[in-house]
Amino acid sequence: MSPSGPRRAQATDPGAPPTLVVRDVTVRFAGVLALDGVDLTVRPDSVHALIGPNGAGKSTLFNVLSGVCRADSGSVTLAGRELTGCAPHRIAELGVARTFQNIVLTRGTVAQNVLLGRHVLTRGGFVATALGLPGTRREQRIHLARAREIAEFVGLGRLFDIPVDLLSYGDRKRVELARALCMEPTLLLLDEPVAGMNAAERARMAATIGRVRAALGLSILLVEHDMGLIMRIADEVTVLDFGRGIATGTPREVQRDPEVIRAYLGTGIAGASPSAAEEVGR
């Protein structure tokens, strides 16, 4: 592993920075307004946090961005390429990778799980792979080496051949992160990356996210309730409440926004105390 870590992912359009632009996205489920004209911009090489009370629409927006859910109206573009209405596999091919709040792993080793992230980059077909043709075997060796490199980068190198069932909770969350990075994304969607972790695990994951950003220059959008983590690593924060965007700014600006405090604490006091503000995002 070189000191700079894994190589920088290449943008879909080399002439345009990988900016994510969400404009006026609206989603309805059986008459319920899950997202109401949401706007969001994630700048290149930045960490943008998405916060809000439970039921605010954060997961719905992530599902729209990854193609799991289709918006009723609005637009999503990445590096100028329209993602709205694309199938999940096509969005992955255009440079979007995602982790999940609830760990989603298969049986098998760390290596086997991380290698799943290479599927969008695999050129050999099913028949060629099944027959073990020379070109396919060579490609598989390249993918395995790359998967090992990324596993080492996120702190899983010594566990590469270990079954995931034997890993700690924190290490299994790292496997999900490594699998997403194996897709060589330009936009990384992190869904509560430190949820359920103890203090030591949270600190390790925060440091890892920082290294990912520094080494790969990714645009990162994360959903998180740990305001301490957001204050440390986020450049900008967008707050959702009942499907609407109610604030955008730096972590400190958002943390002290009266409307944000009301959304979290149910208080009408505009000048909430600093201790009340600290509850935002927890």
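## Exercises on a predicted model: pocket, cavities and sheet

The lining of the largest pocket holds 11 nonpolar, 5 polar and 3 charged residues. The model is predicted. Work through the exercises with the structure open.

**Exercise 1. Describe the largest pocket: its volume, its central residues and the elements that line it.**

Step 1. Find the centre. The lining counts 19 residues, and Arg98, Phe100, His119, Arg179 and Met183 are the closest to the centre of the pocket.

Step 2. Helix α2 (88-93), strand β6 (96-98) and helix α6 each give at least two lining residues. Which of them gives the most? It is α2, with 4 residues.

**Exercise 2. Count the cavities of 30 Å³ or more, then compare their linings.**

Step 1. Count. There are 2 cavities of 30 Å³ or more.

Step 2. Take the largest cavity. Its volume is about 60 Å³. Its lining consists of Thr99, Phe100, Lys173, Glu176, Leu177, Leu190, Pro193 and Met205.

Step 3. Sort that lining by class. It has 5 nonpolar, 1 polar and 2 charged residues. Lys and Glu count as charged, and Lys173 and Glu176 are in the lining.

Step 4. Locate the main contributor. Helix α6 (residues 169-181) supplies the largest share of this lining, 3 residues.

Step 5. Take the second largest cavity. Its volume is also given as about 60 Å³. Val64, Gly67, Cys69, Arg70, Ala71, Leu83, Thr84, Gly85, Cys86 and Ile91 line the second largest cavity.

Step 6. Sort again. The classes here are 6 nonpolar, 3 polar and 1 charged. Gly counts as polar in this scheme, and Gly67 and Gly85 are in the lining.

Step 7. Phe100 lines the largest cavity and is among the residues closest to the centre of the largest pocket.

**Exercise 3. Work out the strand order of the open sheet and follow its pairings.**

Step 1. Write the order. The 4 strands run β2-β1-β4-β5, with antiparallel pairing.

Step 2. Which strands are the edges? They are β2 (32-42) and β5, each pairing on one side only.

Step 3. Check β1 against β4. Strand β1 (residues 20-29) pairs with strand β4 (residues 73-78) in the antiparallel sense over 5 bridges. Opposite Arg23 stands Ser75 in β4.

Step 4. Move on to β5. Strand β5 (residues 81-82) pairs with β4 in the antiparallel sense over 2 bridges. Thr77 has Glu82 in β5 as its bridge partner.

Step 5. Inspect the turn. The β4-β5 hairpin has 2 residues between its strands, and Ala79 takes a positive phi near 50°.

Step 6. Recall what holds such a sheet. Strands of a sheet pair through backbone hydrogen bonds.

**Exercise 4. Summarise the whole chain: elements, burial, contacts and surface.**

Step 1. Count elements. The protein chain has 11 helices and 10 strands.

Step 2. With buried set at under 20% relative accessible area, 50% of the 282 residues qualify.

Step 3. Look at contacts. Take those between residues at least 6 apart in sequence: 67% join residues at least 24 apart.

Step 4. Finish with the surface. The chain exposes about 12,800 Å², and carbon and sulfur atoms supply 53% of it.

How values were computed
Residues are numbered from 1 along each chain as its sequence is written. This is a predicted model: local features need pLDDT of at least 70, side-chain atom pairs count only at pLDDT 80 or more; totals for chains, interfaces and linings use all residues. Side-chain values use heavy atoms; hydrogens and water are left out. Buried means under 20% relative accessible area, exposed over 50%, partly exposed in between (1.4 Å probe, protein chains only). Contact means heavy atoms within 4.5 Å. Accessible areas come from the Shrake-Rupley method with a 1.4 Å probe; for residues, only the protein chains shown count as cover. On a 1 Å grid over the protein atoms alone, a cavity is a set of points where a 1.4 Å probe fits but cannot get out, and a pocket is an open set with protein on both sides within 12 Å along at least five of seven lines; lining residues have an atom within 4 Å of a point. Grid points are joined across faces, edges and corners, and a volume is the space filled by probe spheres set on the points. Two strands pair if DSSP finds at least two bridges between them.
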